[in-house]
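My notes follow in the order I took them.

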Amino acid sequence: MVKKRAKKQSKRKKAQKESSIRTDVWQLVMTQEQHRLAVLTVAEYRLFLKPLVLISYWNWENLSRLNSSEKVNTLEKLIHKTVDNLSPKYYWYFHKAISNHPSFRKFPSYLRRAAIQDALGIASSFVTRWDAWKRGEQKHRYDKPPKLTSMCNSYPAMYKGQQIKYHSSFTSVDLKIWNGTDWVWMQGVSIKKHGKSRHTRKGAKLLSPSLIANKRSIHLSMPIEINPQPLPDSDYVCAIDIGINTTATCSIVGKDGTVKARKFINPAGDIDRRDQRKQRIARASKLTRKIINQDLPKGFCQGLYRKSKNINKHIAQTVSRQIVEFAEEHQVNVIVFEDLSNWKAKGGKHGSLQKQRFHQWCKDKLVELTIQKFSELGGKVRKVNAKYTSAYAFDGSGKIKRSNKKYSQAIFQNGKRYNADLSASYNIGARYWYAVLTNSKFTRVWAGRSSSQTLRTPVTLSTLWGPSKA
């Protein structure tokens, strides 16, 4: 049985350490014959990788106790015969693989070590997933156990000077490939595009790329270690309110409570395309249940679910890019979100479009992508407590009421009407500045200290104005 994870779900998600490595796609220009040889090189690498994966798994109990470099050396000694290592443990097995594939005799030593590292990673991943499955950590009750896939869709790493050489200005490269009989250099392969050209940035360092070659396309997956310089401090922050009706409402909020810019980001066309597919799934589900009178079969509307999920990813990418561009435009060094990591939808009937929209809400993915994009530029992303940011007016007049005709419109207690999401974004920015100015935590909600004689109110934009303007 699957273990209950109620306690686990209640815990707040741990913030992941942001990696300083990004990957660009360098598109290569090749003739039909060059493309064929590149695909042949990948196929040869995968054939060599297969026995290494099995040997890594058979010896994982001993290998798991070693560090990364010791693992590579130990596994290499198990298969490779040298003057100092005359009788490797699995020489017979690997020799049999060589007899079936004589081309393995010419396999480069540096590429062999890359394949060993790849095999260790595959074995480690399988053991981790297998242990988690045995502990009952499954997404669904009837999930099948993971399988060790020895014939993986891996791609060879191209070490500089050994398998890849860069020309001036990175306009072309030389690649060492397998032509069916020997490993030879393919000279002057032009590079059409460099992705986001991260390699031109100051302090960027190129790492070993992978050769991605298949029937459809061919490119280099180029990892680049970036070294972003922190953005200069600013008296303003970019505060973001994430919503269902409006995907992101942005405002530039100053430490004195000044708001100098606002922006609404809502890719309505993409949202409509996603919702249309969800409606089609709902109609098909309703009709199918009437006919078969039982649970829906496995893989029901699989294509529509996949398309809806991909549209959601595109929405998160588009909105996060516009948020970062808005922050860059106003030269701020901090983007502030409300912390919705443990938020759960309560509204909407089961099976309704509103419930589906809550289920498809890409709030976590949006924040994750914004962190990745903005940290690459040297900026910081902070989260504040979301409690009462939308419930109270930014001018300190108290709780708001929503208009019956237009839900996005808020009615303040003093009769003023204002956009509810915009008011919430002001309060989000104010909470960040209040925590910074008072040297308190970003989880703080209330202004002032607890007292039985005074009525406590949440931190809003008016808190920054002071008693004279509030």
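How many bridges join strand 14 to strand 15? I found three, and the two strands run antiparallel. Strand 14 covers residues 409–411. Helices (H or I, at least four residues) and strands (E, at least two) are DSSP runs, numbered from the N terminus. I count two strands as paired if DSSP finds at least two bridges between them.

Before going on, I noted the ground rules. This is a predicted model, where local features need pLDDT of at least 70, side-chain atom pairs count only at pLDDT 80 or more, and totals for chains, interfaces and linings use all residues. Residues are numbered from 1 along each chain as its sequence is written, and side-chain values use heavy atoms, with hydrogens and water left out.

I checked a bridge partner: Q409 has N419 in strand 15. Helix 11 (residues 420–437) packs on the sheet and touches strand 13, strand 14 and strand 15. Contact here means heavy atoms within 4.5 Å. The direction of helix 11 makes about 75° with that of strand 15. Axes are lines fitted to C-alpha atoms, for helices over the stretch in contact, and angles run from 0 to 180 degrees between N-to-C directions. The sheet itself is open, with three strands in the order 13-14-15 and antiparallel pairing. Its edge strands are strand 13 (401–402) and strand 15 (417–419), each pairing on one side only.

**Strand 7**

Next I looked at strand 7 (residues 218–225). Six of its eight residues are buried, so the rest of the structure largely encloses it. Buried means under 20% relative accessible area, exposed over 50%, partly exposed in between (1.4 Å probe, protein chains only).

I then listed its partners.
- Strand 1 (residues 21–29) pairs with strand 7 in the antiparallel sense over seven bridges, and V25 stands opposite S221.
- Strand 5 (residues 205–206) runs antiparallel to strand 7 and is joined to it by two bridges; K205 stands opposite E225.
- Strand 6 (residues 210–213) makes four bridges with strand 7, also antiparallel. A213 stands opposite I218, and a hairpin of four residues joins strand 6 to strand 7.

**Two helices**

I compared spans with expectation, which is 1.5 Å times one less than the number of residues. Helix 6 (residues 109–134) has 26 residues and reaches 38 Å from first C-alpha to last, close to the 38 Å expected. Just after helix 6, G136 takes a positive phi of about 90°.

Helix 7 (residues 268–292) has 25 residues, so it should span 36 Å; its end C-alpha atoms are 36 Å apart, which agrees. Among its buried residues are I271, R274, D275 and K278. Just after helix 7, N293 has a positive phi of about 55°.

**Cysteines**

A disulfide is a pair of cysteine sulfur atoms within 2.5 Å. My count by this rule is zero. C250 is in none, with the nearest cysteine sulfur, that of C238, 5.1 Å away. C250 counts as buried because its relative accessibility is 0%. The sulfur of C362 lies 14 Å from the closest cysteine sulfur, in C250, so it is too far for a bond. C362 is buried too, at 12% relative accessibility.

**Confidence**

I finished with pLDDT, the predictor's confidence in each residue, from 0 to 100. The protein chain has a mean of 86, and 91% of its residues reach 70 or more. Confidence is lowest in helix 1 (residues 6–10), at a mean of 42, and highest in strand 9 (residues 248–254), at 95. Over residues 1–16 the pLDDT is below 50, and this stretch has 18 contacts in the model beyond near neighbours in sequence. Where pLDDT is low, the predicted coordinates should not be read in detail.
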